[in-house]
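Hi everyone, thanks for coming.

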Amino acid sequence: MNNLVIMPIVIPLVSGMLMIFIRERILWQRWISLISVAASAACAGWLIRLNQTQGVQTLHVGGWKAPFGITLVADMLASLLVFTALIVSFACLLYMFGSIGREHERFFLYPLVQILVCGVNGSFLTGDIFNLFVFFEVMLIASYVLLGLGGKRRQLKETLQYVLINMTSSTLFVTALAFLYSAAGTLNMAHLAERMAEAGQSGPMTVISILLLIVFSVKAALLLFFWLPGSYSAPPAAIAAMFAALLTKVGVYAVLRVFTLIFPHQPQITHTALIWMGAATMILGAFGVVAYKSIRPILAYNVIISVGFMLFGVGVASQAALTGTVYYLVHDMIAKALIFILGGAMISIAGTDRLQDIKGLIHYRPLLGWLFFVAGLALAGIPPLSGFVGKVLILEGGIREEQMAVAVIGLVSSLFVLYSMMKIFVQGFWGETFLSEGEQHDTGKSALLPGVMLTALTVGMGLGAEWVLSMADLAVEPMLDRDVYIRAVLRTE
Amino acid sequence: METFMIIISGVLYSIGTYLMLSKTLLRIILGTALLSHATHLMLLAVSGLKKGAVPLIAATGTKYTDPLPQALMLTSIVITFALTAFILVLAYRTYLVSGTDDINKLKGSDHE
């Protein structure tokens, strides 16, 4: 029992609710947002430390012992992801301050961001699968409003589509949980894992797991990604950066958790499906990055490629691949936020996101150009940047488990990522500038501080890979030996 | 009784799916509402309806009804209720801005 576990959920929730009452005091809201995110990050950092020294931390909410109450479980995976999510939110908040404009700020932007963060942290920390559904909804409803905020025709249209798709998949989620509860008699993930290990994963259970896989595929944009490019292009760049960094990753986390803890017993069905869905996602994503000639769709399809790659790692499910996936998940949150922030700055300077109308930005804002260059290399996985280590481990795992074909697809897709990043870099930054002094729509300065911060993180993660990998190893431990997780939840005190 | 509920839920599922496949926004929203009702009914039915006494300690009887499905259903109802309210407002707003409630006409033509 450790009350610290609930802090990354409670702090954003309370500060979000507080800020609703001080709607007109924007400066206060900015400070409260930053402090709340920083304080939660400190708690998450402390949780990581506790995981290293004492093992998995749990909290039985309300004193109801598992499996009767809801348990919050901060194992290394959850703590690490919560910590990264908070760091990324901090950077996105910094970018919001300078880029998003008064109108958004007056209409509950910061409270919504806090609720979104609360939902994301809750999804990572919960140890109860129905509670996972609830935190998904908390996160999603905040994202619906953030997406629609501003009320332009395009935004409304995309929001409508996004809400309908997510409502349908949430309905499926509840359906799957109903089946799961009637078949297994529990919804606590550790308890489910224990029962599944004892009774074996029967046919109906595998069907339920496939139903869950479909649900999470919609949320994580694995194969069922058709909603993503539109809805990630519609909102302002700072909000899109938060979406790209956090929302799909929660889906990936859900797949990772459920298919390593509860349903790992029929890999020839579920994990094969995961691997090939990942492969198809990477291929279709690669088509997307080649086909488009505007910044936002290209970046959105990059999100899709990396989701496919991570789910390939989950499907392979050997130790190397899982460690790589955890590492890559952390890397991808940082890198995606970074690239969306920098892309957003390019669009705001040039006033358009069509690549043919952007040129020579490097003369105007050299630092932005070089940050973009480094970020592009990190996304493609060039050493010594952070993407490299994760990719190596996932591919190593894939090749050892004789998934050559998909490993090759993964490698080729990285080439496409590199190509698309360089396409934006060369077209956008090189050449003679169209813009004369004073013609640019925005200075783009607001992206520099969060950009430098996140770039430093990707470089640091690449150079300090040893240190991050030791944490990723700890995170993978409960996946390989499920008893670690089960004991921590069901057998403490 | 369970069988009856399951059949009702199946009927609701099919009507919901049919409505979701139509082109008018309002019908699609009603479709999602029906789908969620169907799910809630099914959630209650598959876990067994009334198997024993009220789940209070020291109440008469040794078999208790499981209260959890009802708690789950209640949570889910609250969420869907909020979402349906939200999406109705959103659809109305979209109708005002774009002047149509036909999902096909909403699609193309968004060159800013």
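This is a predicted model: local features need pLDDT of at least 70, side-chain atom pairs count only at pLDDT 80 or more; totals for chains, interfaces and linings use all residues.

Let's begin with chain B. What about its overall dimensions? The C-alpha trace of chain B spans about 65 × 25 × 15 Å along its principal axes. Its radius of gyration is 20 Å, whereas a compact globule of 112 residues would have one near 13 Å. Buried residues account for 29% of the 112 residues in chain B. And if you take the contacts in chain B with a separation of 6 or more, 53% of them come from residues 24 or more positions apart.

Now to the meeting of the chains. Here 27 residues of chain B are in contact with 24 residues of chain A. Which elements of chain B give two or more residues to that side? They are helix H2 (25-46) and helix H3 (68-98) of chain B. H3(B) gives the most, with 15 residues. Sorted by class, the side of chain B that touches chain A has 16 nonpolar, eight polar and three charged residues.

Let me zoom in on one residue, B:Ser76, which lies in helix H3 of chain B. Is B:Ser76 buried or exposed? B:Ser76 is buried, because 24 other C-beta atoms lie within 10 Å, and the cut-off for buried is 20 or more. Leaving aside residues up to four places away in sequence, B:Ser76 touches A:Val174 and B:His40.

Over to chain A, and a pair of helices. The axes of helix H14 (residues 319-350) and helix H16 (residues 366-380) of chain A come within 10 Å and cross at roughly 145°. That crossing of H14(A) and H16(A) is left-handed. On the H14(A) side you'll find A:Ala335, A:Leu338, A:Ile339, A:Leu342 and A:Ala345, and among the residues they meet in H16(A) are A:Leu368, A:Leu371 and A:Phe372. By class, this contact has 11 nonpolar residues, no polar and no charged ones.

At the other end of the numbering, helix H1 (residues 7-20) of chain A has 14 residues and reaches 20 Å from its first C-alpha to its last, close to the 20 Å expected. Its buried residues include A:Met7, A:Ile11, A:Leu13 and A:Met19. What covers the buried residues of H1(A) includes helix H2 (26-54), helix H3 (76-99) and helix H5 (109-125) of chain A.

Finally, some backbone details to look up on your screens. A cis peptide bond joins A:Ala66 and A:Pro67, with omega about 0°, and A:Pro67 sits in the loop between strand E1 (57-60) and strand E2 (71-74) of chain A. The bond from A:Pro383 to A:Pro384 is cis too, with omega near 5°.

A:Leu223 is not a glycine, yet has a positive phi of about 65°. A:Leu223 counts as buried because 23 other C-beta atoms lie within 10 Å. A:Glu402 has a positive phi as well, near 60°, but A:Glu402 counts as exposed, because it has 9 C-beta neighbours inside 10 Å.

That's my tour, and I'm happy to take questions.

Key: Residues are numbered from 1 along each chain as its sequence is written. Chains are lettered from A and ligands numbered from 1 in the order in which they are written. Two residues are in contact if their C-beta atoms, placed from the backbone, lie within 7 Å. Helices (H or I, at least four residues) and strands (E, at least two) are DSSP runs, numbered from the N terminus. Ala, Val, Leu, Ile, Met, Phe, Trp, Tyr, Cys and Pro count as nonpolar, Asp, Glu, Lys and Arg as charged, and the others, Gly among them, as polar. Axes are lines fitted to C-alpha atoms, for helices over the stretch in contact, and angles run from 0 to 180 degrees between N-to-C directions. A crossing is left-handed if the near helix is turned anticlockwise from the far one by less than a right angle, and right-handed if clockwise. A residue is buried if 20 or more other C-beta atoms lie within 10 Å of its own, exposed if 12 or fewer, and partly exposed in between; C-beta atoms are placed from the backbone. The expected span of a helix is 1.5 Å times one less than its number of residues. The radius of gyration is taken over C-alpha atoms; the globule rule is 2.2 Å times the number of residues to the power 0.38.
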